Amino acid sequence: DAIDLTPPWRRLTMVESIKEYSGIDVEALSEAELHSIAKQKEIEVKGKISKGTLIYAFFEAFVEPNLIEPTMITDYPLEVSPLAKKKRGNDMFVERFEPFAGCLELGNALSELNDPIDQHQRFQEQLKQREAGDEEAHLMDEDYVRALEYGMPPTGGLGIGIDRLVMLLTDSSSIRDVIFFPQMRPER
């Protein structure tokens, strides 16, 4: 089936998307209740278990496989977005969005955190998550924190996965079909 990339794309917060695709209002439930549901549904949670990591795990399990039509997902949990500014009015979430189409995350964008104290604390929390087994957690970056201390101006981050966009446009199911991986090819 063809995917229509014509703007405007649908926009949902992560919480709204989980409620739509699973019926679970993750914001209204406690961390313990979410953990219990995750166990029942056999949802794997990476790193230290917190409400934010559980929300993200629910998103990956219930929502990502259903994001066929172009959709912008906004308001990511703080725990999975260590470089993003907190959302005004709700410190549990950050100013971050990701475009999805064809069940693929096509990019990542955020308002970068420019508070050195908050950033240092988040890096410390990421180190704890890494020690708990989350291999994707960030390492401490003292140089970055120092740059923030000197007064780095407000910035934003944007990354677009050209490889994933090519996968979408060519209807490829594997990234290996669009990027040359010579070490993965069988020898002849």
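Reply: Helices (H or I, at least four residues) and strands (E, at least two) here are DSSP runs, numbered from the N terminus. Residues are numbered from 1 along each chain as its sequence is written. This is a predicted model, where local features need pLDDT of at least 70, side-chain atom pairs count only at pLDDT 80 or more, totals for chains, interfaces and linings use all residues, and side-chain values use heavy atoms, with hydrogens and water left out.

Me: OK, where is Cys-103 placed?
Reply: Cys-103 is in the loop between β4 and β5 (104-105).

Me: And is Cys-103 buried, exposed or partly exposed?
Reply: Cys-103 has 33% relative accessibility, so it counts as partly exposed. Buried means under 20% relative accessible area, exposed over 50%, and partly exposed in between (1.4 Å probe, protein chains only).

Me: What is Cys-103 in contact with, leaving aside neighbours within four places in sequence?
Reply: Glu-64, Pro-65, Asn-66, Leu-67 and Ile-68. Contact means heavy atoms within 4.5 Å.

Me: Switching to helices. How do α1 and α3 pack?
Reply: α1 (residues 14-22) and α3 (residues 51-63) pack at about 45°, with axes 9 Å apart. That makes α1 oblique to α3. Angles under 35 degrees count as roughly parallel, over 145 as roughly antiparallel, 65 to 115 as roughly perpendicular, and the rest as oblique. The axes are lines fitted to C-alpha atoms, for helices over the stretch in contact, and angles run from 0 to 180 degrees between N-to-C directions.

Me: Which residues of α1 meet α3?
Reply: Met-14, Ser-17, Ile-18, Tyr-21 and Ser-22, and their partners in α3 include Ile-55, Phe-58 and Phe-62.

Me: What about α2 and α3, how do their axes cross?
Reply: Roughly at 35°, coming within 9 Å. On the α2 side the contact is made by Glu-31, Leu-34, His-35, Ile-37 and Ala-38.

Me: Now the core. How many residues are in the largest nonpolar one?
Reply: 26, and those with the most contacts inside it are Met-14, Ile-18, Val-26, Phe-58, Phe-59, Ile-73 and Tyr-76. A nonpolar core is a set of buried Ala, Val, Leu, Ile, Met, Phe, Trp, Tyr and Cys residues joined through side-chain atoms within 4.5 Å.

Me: Which element gives the most to this core?
Reply: α3, with 8 residues. Apart from this core lies another, of 7 residues, among them Trp-9 and Met-72.
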